[in-house]
Amino acid sequence: MRYRDKAICAMDEQSYINNINSLTSQILIKNPQAKFALVSPWLALDNDPYTAVPVKERDIMLEQYGAALKSYCERNGYCFIDPNPAINEFLLKHAPTEYLVDHIHPNAGAGIALYSEKSLK
């Protein structure tokens with residue numbers, strides 16, 4: 001969604017949910033007993049070079065897509081996880097470079113531990 005390219009992105013919340021629903025539906029065809037835990041789109045830092053909209057608009061968009069995912073999960077009985085507020089709070093107090101390899105992706109050590117911990121709480 002952050003790239004704002006119709007060829008590779010969901011350009012609105014409904015398209016995003018349609019993509020998620022297509023994925024979960026295909027999984028359920030293969031395994032009708034499958035359970036889902038869906039994670040809100042990861043936050044991005046201010047040094048994000050790829051988002052085609054200003055930071056404030058990007059953050060609003062990520063919140064909207066996350067809210068749409070939460071509603072989708074509630075309607076379908078899926079687990080919804082949004083670790084972004086806890087991750088953001090942590091990164092405001094610590095050097096992001098110790099946890100991230102770039103503007104969005106956790107590194108293989110401390111970053112994965114941080115994202116996992118905040119996702120599980």
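**Reading a helix and its neighbour**

Modeller: This is a predicted model. Take the pair α3 and α4 to begin with: the two helices are oblique to each other.

Colleague: At what angle do α3 and α4 pack, and how far apart are their axes?

Modeller: Two packed helices are described by the angle between their axes and the distance between the axes. Here α3 and α4 pack at about 135 degrees, and their axes are 9 Å apart. Their crossing is right-handed. On the α3 side the contact is made by A86, I87, F90 and L91, and on the α4 side by L114, Y115 and K118. By class, that contact has 6 nonpolar, no polar and 1 charged residues.

Colleague: Which residues of α3 are buried?

Modeller: An α-helix has 3.6 residues a turn, so residues three or four places apart point the same way. In α3, which spans residues 84–93, the buried ones are N84, I87, F90 and L91. These residues lie on the same side of α3 because they cover an arc of only 130 degrees around the axis. P85, L92 and K93, on the other side of α3, are exposed. The cover over the buried residues includes α4, residues 110–120.

Colleague: And in a loop: is Y78 buried or exposed?

Modeller: Y78 sits in the loop between α2 (55–76) and β2 (79–81). Its relative accessibility is 17%, so Y78 counts as buried, the cut-off being under 20%.

Colleague: What does Y78 touch, leaving out residues up to four places away in sequence?

Modeller: Y78 touches T24, L28, F36, L38, Y72 and C73 on that count.

How values were computed
Residues are numbered from 1 along each chain as its sequence is written. This is a predicted model: local features need pLDDT of at least 70, side-chain atom pairs count only at pLDDT 80 or more; totals for chains, interfaces and linings use all residues. Side-chain values use heavy atoms; hydrogens and water are left out. Buried means under 20% relative accessible area, exposed over 50%, partly exposed in between (1.4 Å probe, protein chains only). Helices (H or I, at least four residues) and strands (E, at least two) are DSSP runs, numbered from the N terminus. The arc is that of the directions from the helix axis to the C-beta atoms. Contact means heavy atoms within 4.5 Å. Axes are lines fitted to C-alpha atoms, for helices over the stretch in contact, and angles run from 0 to 180 degrees between N-to-C directions. Angles under 35 degrees count as roughly parallel, over 145 as roughly antiparallel, 65 to 115 as roughly perpendicular and the rest as oblique. A crossing is left-handed if the near helix is turned anticlockwise from the far one by less than a right angle, and right-handed if clockwise. Ala, Val, Leu, Ile, Met, Phe, Trp, Tyr, Cys and Pro count as nonpolar, Asp, Glu, Lys and Arg as charged, and the others, Gly among them, as polar.
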